[in-house]
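Here is a short briefing for a first look. Start with the sequence and structure below, then read on by topic.

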Amino acid sequence: MYNCTAVIGSMTAALKAQKVLGAAAIRATVVKLDSTVTNRGCAYGVEYDCNQSSNVRSILNSAGIKVSRYSEGGGYM
Amino acid sequence: MIYLDNAATSFPKPESVISEMQNCMKSYSGNPGRSGHSLSFAAAAKVFECREAASEFFGCSGPENIIFTLNATHAINMLIKGILRRGDHVLISDLEHNSVYRPIFRLASEGHITYSVFPSMALDNRRTPGLICSYINKLIQPNTKLLICTHASNICSATLPLREIGQLCRRRGMFFAVDAAQSAGHMDINMEKLCIDALCVPGHKGLLGPMGSGMLLLKGDVLLDTLMEGGSGVNSLEGFMPDFSPERYETGTLAVPAIAGLCEGIKTVQREGVLSIRARIETLNRYLTEMLSTVSGVTLYASQHCGAVLLFNIKDIPAETAGRELDKRGVCVRSGFHCSPIAHATLQTPENGAVRASIGFFNTKNDIESLWKEVRQLAK
């Protein structure tokens with residue numbers, strides 16, 4: 001497994017993303033992102049198995065969770 | 001000691017609330033949404049758990065729309081000062097606590113807004129939701145932006161018909177905010193069903209959490225101006241607060257132990273069931289009303305309404321004196337004006353105010369009988 005990251009922003013939204021992904025049996029971990037990821041300062045996101053990328057995009061989109069970008073690699077990019 | 005001051009704050013607290021607060025302080029008291037370590041994440045997970053519990057409990061649109069505050073007054077101020085603009089008109093009821101009245105009064109006094117007071121008809125036997133709404137309708141102006149009112153009075157058991165008022169606000173394009181200080185945990189409140197745009201609740205009353213906990217629950221598509229600015233743990237390189245909830249409004253470190261306790265309080269109320277709690281409280285209120293009605297010299301106010309609160313006076317004993325005497329006899333009640341001068345005017349209480357007994361989750365028939373016995377002694 002290699003990790004992909006959904007860059008979300010707030011801790012609350014990241015936890016919500018983790019929850020909705022968990023409900024779909026997709027394991028996701030909330031991570032604090034390196035500040036350079038967003039260029040806006042502190043931010044959180046979720047890490048997940050890249051094999052689940054298309055599912056993750058679809059689920060987060062359906063749940064109305066705003067993702068500023070998806071990237072390959074762990075949270076401390 | 002008999003505690004009948006639950007409208008001020010509920011006491012005692014469930015053991016689960018106390019133990020979870022202790023557990024938080026001992027085991028996961030990191031700063032949520034700030035750091036990247038396990039203790040911070042554990043605290044954030046508990047905070048999120050509470051958001052989810054509150055969102056489900058009140059029929060809110062999602063955990064991100066639960067904003068933690070210090071108390072209901074804090075939530076009300078955030079709402080009022082975050083939504084109103086110069087020239088707006090506001091409607092409030094004649095049962096409001098100072099938590100609503102004072103921020104509105106100040107903004108009006110400074111010339112920013114105007115406001116009108118609609119009648120709750122708390123003493124009127126002709127009282128119906130339709131009649132109250134017809135009074136509201138007459139007071140609506142083209143610039144009426146907000147109707148904010150209490151759900152249940154803090155000095156009597158009168159309630160306002162939220163469903164009908166909410167539907168009216170929706171039809172007339174007004175923002176509808178509710179002060180649920182006395183009803184949260186005692187009455188069924190579903191924001192979606194009642195067309196409530198903002199709900200302000202204390203954590204430490206009917207929800208059985210600790211003092212220092214409260215919430216502002218917002219409808220999803222609302223973006224208020226901020227009351228305070230500062231650290232939010234997100235977008236920290238930017239000068240402006242984030243434009244999303246709840247981080248936009250929750251500046252500075254959250255009261256995580258209080259939120260952890262509140263989460264357990266909400267779960268306790270959910271397990272017991274609001275309707276069951278309400279039924280028990282109403283039974284005790286009816287019993288207290290009946291008992292005090294038999295005491296010569298006791299005046300009851302608006303006692304036709306049945307809920308958690310009963311307001312009374314004993315002969316011509318000033319309310320504060322009566323309260324002190326009851327305290328000496330081991331009964332805790334609250335006397336005076338209860339921070340609700342306009343509601344006291346509505347109920348036509350005397351110049352010293354009145355004595356308030358307020359029933360809570362843990363009260364029993366014995367507590368009611370103890371109060372009755374002591375009042376009877378004082379009335380002799």
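A:Lys16 forms a salt bridge with B:Glu64, with 2.9 Å between the closest N and O atoms. This is a predicted model.

**Salt bridges and polar contacts**

- The rule finds 3 salt bridges across the interface of chain A and chain B.
- Polar contacts link 13 residue pairs between chain A and chain B, counting pairs with both residues at pLDDT 80 or more.
- On the side of chain A that touches chain B, the elements giving two or more residues are α1 (11–23) and β2 (28–33) of chain A.
- α1(A) gives the most to that side of chain A, with 5 residues.
- The residues on that side of chain A divide into 7 nonpolar, 5 polar and 4 charged.

**Extent of the interface**

- In all, 16 residues of chain A are in contact with 21 residues of chain B.
- The size of an interface is often given as the accessible area lost when the parts come together.
- Between chain A and chain B, the buried area is about 1500 Å².
- Carbon and sulfur atoms give 57% of that area.
- In chain A, the residues that lose the most area to chain B are A:Thr12, A:Lys16 and A:Arg40.
- Together, A:Thr12, A:Lys16 and A:Arg40 account for 36% of what the chain A side buries.

**A buried threonine in chain B**

- B:Thr9 is found in the loop between β1 (2–3) and α1 (15–27) of chain B.
- Is B:Thr9 buried or exposed? B:Thr9 counts as buried because its relative accessibility is 12%, and the cut-off for buried is under 20%.
- The side chain of B:Thr9 makes a polar contact with the side chain of B:His204, at 2.7 Å.
- Leaving out residues up to four places away in sequence, B:Thr9 touches B:Tyr3, B:His204, B:Lys205 and B:Met211.

**Nonpolar cores**

- In soluble globular proteins, nonpolar side chains tend to be buried together.
- The largest nonpolar core here has 83 residues.
- The residues with the most contacts inside this core are B:Phe58, B:Leu147, B:Ile165, B:Leu199 and B:Met215.
- Helix α8 (residues 274–293) of chain B gives the most to this core, with 8 residues.
- Beyond residues up to four places away in sequence, B:Ile165 touches B:Phe118, B:Cys133, B:Ile136, B:Leu147, B:Cys149, B:Leu160 and B:Phe176.
- A second, separate core has 27 residues, among them B:Tyr101, B:Ile104, B:Ile148 and B:Cys200.

How values were computed: Residues are numbered from 1 along each chain as its sequence is written. Chains are lettered from A and ligands numbered from 1 in the order in which they are written. This is a predicted model: local features need pLDDT of at least 70, side-chain atom pairs count only at pLDDT 80 or more; totals for chains, interfaces and linings use all residues. Side-chain values use heavy atoms; hydrogens and water are left out. Contact means heavy atoms within 4.5 Å. Buried area is the accessible area (1.4 Å probe) that two parts lose on being put together, summed over both. A salt bridge is a side-chain nitrogen of Lys or Arg within 4 Å of a carboxyl oxygen of Asp or Glu. A polar contact is a pair of N or O atoms within 3.5 Å; within protein, one must be able to donate a hydrogen and the other to accept it, and residues adjacent in sequence count only if both atoms are side-chain atoms. Helices (H or I, at least four residues) and strands (E, at least two) are DSSP runs, numbered from the N terminus. Ala, Val, Leu, Ile, Met, Phe, Trp, Tyr, Cys and Pro count as nonpolar, Asp, Glu, Lys and Arg as charged, and the others, Gly among them, as polar. Buried means under 20% relative accessible area, exposed over 50%, partly exposed in between (1.4 Å probe, protein chains only). A nonpolar core is a set of buried Ala, Val, Leu, Ile, Met, Phe, Trp, Tyr and Cys residues joined through side-chain atoms within 4.5 Å.
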